[in-house]
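Dear colleague,

Here is the structure I promised to pass on to you. My notes on its pockets and its aromatic residues follow below.

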Amino acid sequence: MRFGAPDFDLEKTLDSGQVFHWHKVGDGFVGAIGDLAVQVRQDTEILEVHFGGPPKPPREPRAFPGIVARYFVLDHPLAEICDSFPKDPIMNAARDFCRGLRIIRQPKWECLATFICSSMKQVMHIRQISLALRKRFGQQRKIGSELVYTFPPAHRLAQASEKELRDCKLGYRGKNLRATARLVSSGQVDLDAWSVLSNGELRKQLCSLPGVGPKIANCVMLFAYERLQAFPIDVWIERVLRQHYFSRRQRMTAQRLRQFTESYFGEHGGYAQQYLFHHARIVQGRLNPKRRSIGALQNSSAN
């Protein structure tokens, strides 16, 4: 099926450090949206989408375009959001470079678990961990000749042994992932119920979970809870802030950086952050490949 997707860049969106399980096939991408296997390619402002064998019970096919459009947040007024960014040189460059990049609307548990696994890891390693978890604990789907694996639910990971998680290359993250999975699967933590919390209270609740610190909490707030003000600060973003906004200050605390980003970038700070991050990782990574290999991801520093 085909439908319109104006002001959207599929490749930039999927390659911007938000999700880690989509892979390139021909001139499109194959991945999973929840329990659906999806193949999607872009032809200018048109998305061409194919779905794998439907899970049981089967969905009404007419609902499928809405699922894809919601996942890729085609309802966000991207031009207005980008126009709200500060008009400084580095932000202007990032906005121009990242045109069409959108903040994906991710399933809450999948997003939380993935970013717990991502701590101190590079993009390549996180992709490997995500695939290992999906293969071992998720469900297999087929679309054309490609195999896709869904992300395992919390109750499945809660039952996993430490050895099984270590076999997925999680290291110390396995203990945190299993502990959080047990809280979610037991009902002690209701991720959906947290949707009504204020930003401050949501961040506090997320940081109470094993393996979650302020940065991972902000990633989950931005990518799963659609809190577009959330501004994750990793090594790339900290470098951008210090180089372009505080070049004359030798010392800048994490609290001061956080206060600055909240006031300066405003209600769409999460979009601004994602544009700055992707621009820095790709453009500066090309200029300095050694830097790109060190902390090449949203969560390459502390949690």
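**Aromatic contacts and pockets**

F20 and F115 are both buried, where buried means under 20% relative accessible area, exposed over 50% and partly exposed in between, with a 1.4 Å probe and protein chains only. Please keep in mind that this is a predicted model, in which local features need pLDDT of at least 70 and side-chain atom pairs count only at pLDDT 80 or more, while totals for chains, interfaces and linings use all residues. Residues are numbered from 1 along each chain as its sequence is written, and side-chain values use heavy atoms, with hydrogens and water left out.

The whole structure holds 16 aromatic pairs, counted when rings of Phe, Tyr or Trp (its six-membered ring) have centres within 6.5 Å, with planes under 30 degrees apart called stacked, over 60 edge-to-face and the rest tilted. One of them joins F20 and F115, edge-to-face, at 5.8 Å centre to centre and with 70° between the planes. Because F20 lies in the loop between α1 (10-14) and β2 (23-25) and F115 in helix α5, this pair ties together parts that are 95 residues apart in sequence; helices (H or I, at least four residues) and strands (E, at least two) are DSSP runs, numbered from the N terminus. The rings of Y71 and F72 have centres 5.1 Å apart and planes at 75°, so this pair is edge-to-face as well, and both Y71 and F72 are buried. Ring pairs also link F231, Y245, F246, F260, Y264 and F265 into a cluster.

Two charges sit over rings, meaning that NZ of Lys or CZ of Arg is within 6 Å of the ring centre and within 35 degrees of the ring normal. K108 lies over the face of Y225, at 5.2 Å from the ring centre, and the charged end of R239 is over the ring of W236, 4.8 Å from its centre.

Of its 27 lining residues, G34, D35, P107, K108 and E110 are the closest to its centre. The second largest pocket has a volume of about 460 Å³, and among its 26 lining residues P214, N218, F231, I233 and R258 are the closest to the centre.

With best wishes

Technical notes:
On a 1 Å grid over the protein atoms alone, a cavity is a set of points where a 1.4 Å probe fits but cannot get out, and a pocket is an open set with protein on both sides within 12 Å along at least five of seven lines; lining residues have an atom within 4 Å of a point. Grid points are joined across faces, edges and corners, and a volume is the space filled by probe spheres set on the points.
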